[in-house]
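Have the sequence and the model open as you read.

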Amino acid sequence: MFISDCLDVNQAGHLTIGGCDTVELAKAYGTPLYVMDEDCIRRALRDYKKSMDENYENGGMVAYASKACCFQELYRIVMQEGCGADVVSGGELYTAMKAGFPAQRLYFHGNNKSGQELRMALEYGVGRIVVDNLTELSLLSDIAREMGKTAAIFLRVTPGIDAHTHSFIRTGQIDSKFGLTLENGDALQAVRRALETPGVELRGLHCHIGSQIFDEEPFIHAAETMLDFMAQIRDETGTTLTELNLGGGFGIRYTDQDHPRSCGEYMRLVSGALHRRAEALRMPVPYLVIEPGRSVVAPAGITLYTVGAVKEIPGVRTYVSVDGGMPDNPRYALYQAPYTAVAANKASLPADRLYTISGRCCESGDLIQENTPLQECGPGDILAVLATGAYNYSMSSNYNRLPRPAVVMVRGGEARIAVRAETYEDLNRNDL
């Protein structure tokens, strides 16, 4: 019935997540409220690890992409499941270390890392720093030599592959702010520079072609292209790189129109392509890293709201206003991201009315969905927006001076606070 297997309807006709009644969660913790199913997250991580083990006998790492959602309890879950993580800022790195995450299992990304962030990474002993450009390479070299350390690095390569997703979340094509372009020779120049640069040791390459990708062909093409480049590096420099990070971008089901492949199928196809190309090139099959983020946490999360006003404009549309909006879910305002929504206290009833879900901000673009099917809604109803575990809490803001909601983790019918809700005092804590 629902797009995620952690959701159900109980005898009261209420939506449940992880065995918890969402209406009762809203009463207990207030709304807006982020809710995440711990078992759903663990299953996704285990599925990725299993697919790596079954399809890639040379070994590899599942590194959770922190930018999708990041807080200490989530890092603890990832750590307990034996996975790594990628971090893209000093804040994410610091949070991971506060949670006790092993630094050697961290990959540090970012196209404009500061000197302070690079110094943090070296002090903590981050496993791999993914260098994005020549300016960063020079800065990292200076800092590493000053600290008497050697930084193990990947170079981020832009392979020129169009992943056929929204232009805002495509990152592998030639025109991108990320990485070193393969087609114009910048990537090879960077490899030569890295091999000659003191204070760094080039271990491998990284690429990421985009997000919310359903077609396996771009992943296969990226794997083959990167292995071709590794063979070119061997032939032209005499250096054989042994590690390859193919990033993430695996699509998930936001609506009934989405039909993602299983992670096992992705891994089987990519592994097959890598093995065939490595044999043809007489290259060793590299140690593989993948970085799933959205596909780990998005299906495990929902956001609960309380309905306020309902405004019907005859012949135009009907607005249902909720007590959250673009500060806690900015993705529709950014790029019209599709979602499925449910009236949580009427989940057993047919969704036979069309509503535009509007937020509470003083902004005409503060919408969560337009003309989406819902059960008939009125003031006081609890509205659940599904598959919001990724890029909601992590992208949330205090626009209109609104406090960020709490994050509640559920498991086996029990709920606990993972992140406390902000208060008005929190909003003013740093004011002078």
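## Cavities, a pocket and helix packing

By class, the largest cavity is lined by 7 nonpolar residues, 1 polar residue and no charged ones. Here Ala, Val, Leu, Ile, Met, Phe, Trp, Tyr, Cys and Pro count as nonpolar, Asp, Glu, Lys and Arg as charged, and the others, Gly among them, as polar. Before going on, note that this is a predicted model, where local features need pLDDT of at least 70 and side-chain atom pairs count only at pLDDT 80 or more, while totals for chains, interfaces and linings use all residues. Residues are numbered from 1 along each chain as its sequence is written, and side-chain values use heavy atoms, with hydrogens and water left out.

So who lines the largest cavity? You'll find Phe219, Leu246, Gly247, Phe250, Tyr266, Met267, Val270 and Ile290 there. Helix H9 (residues 263–281) gives the most, with 3 residues. Helices (H or I, at least four residues) and strands (E, at least two) are DSSP runs, numbered from the N terminus.

The count comes to 2 cavities of 30 Å³ or more. A cavity, on a 1 Å grid over the protein atoms alone, is a set of points where a 1.4 Å probe fits but cannot get out; a pocket is an open set with protein on both sides within 12 Å along at least five of seven lines, and lining residues have an atom within 4 Å of a point. Grid points are joined across faces, edges and corners, and a volume is the space filled by probe spheres set on the points.

The second largest cavity is lined by Tyr34, Val35, Met36, Gly301, Ile302, Thr388, Gly389 and Tyr393.

| Space | Volume | Lining by class |
|---|---|---|
| Largest cavity | about 70 Å³ | 7 nonpolar, 1 polar, no charged |
| Second largest cavity | about 30 Å³ | 5 nonpolar, 3 polar, no charged |
| Second largest pocket | about 520 Å³ | 11 nonpolar, 4 polar, 5 charged |

Now for the packing of H2. H2 and H9 pack at an angle of about 30 degrees, with their axes 9 Å apart. Axes are lines fitted to C-alpha atoms, for helices over the stretch in contact, and angles run from 0 to 180 degrees between N-to-C directions. H2 and H9 are therefore roughly parallel (angles under 35 degrees; over 145 is roughly antiparallel, 65 to 115 roughly perpendicular and the rest oblique). On the H2 side, Asp47, Tyr48, Ser51, Met52 and Asn55 meet Cys263, Gly264, Met267, Arg268, Ser271 and His275 in H9 (contact means heavy atoms within 4.5 Å). That contact has 4 nonpolar, 5 polar and 2 charged residues.

What about H2 (residues 38–55) and H3 (residues 72–80)? Their axes come within 10 Å and cross at roughly 40 degrees, which makes H2 oblique to H3. Glu38, Ile41, Arg42 and Leu45 in H2 meet Leu74, Ile77, Val78 and Gln80 in H3. The residues of this contact divide into 5 nonpolar, 1 polar and 2 charged.
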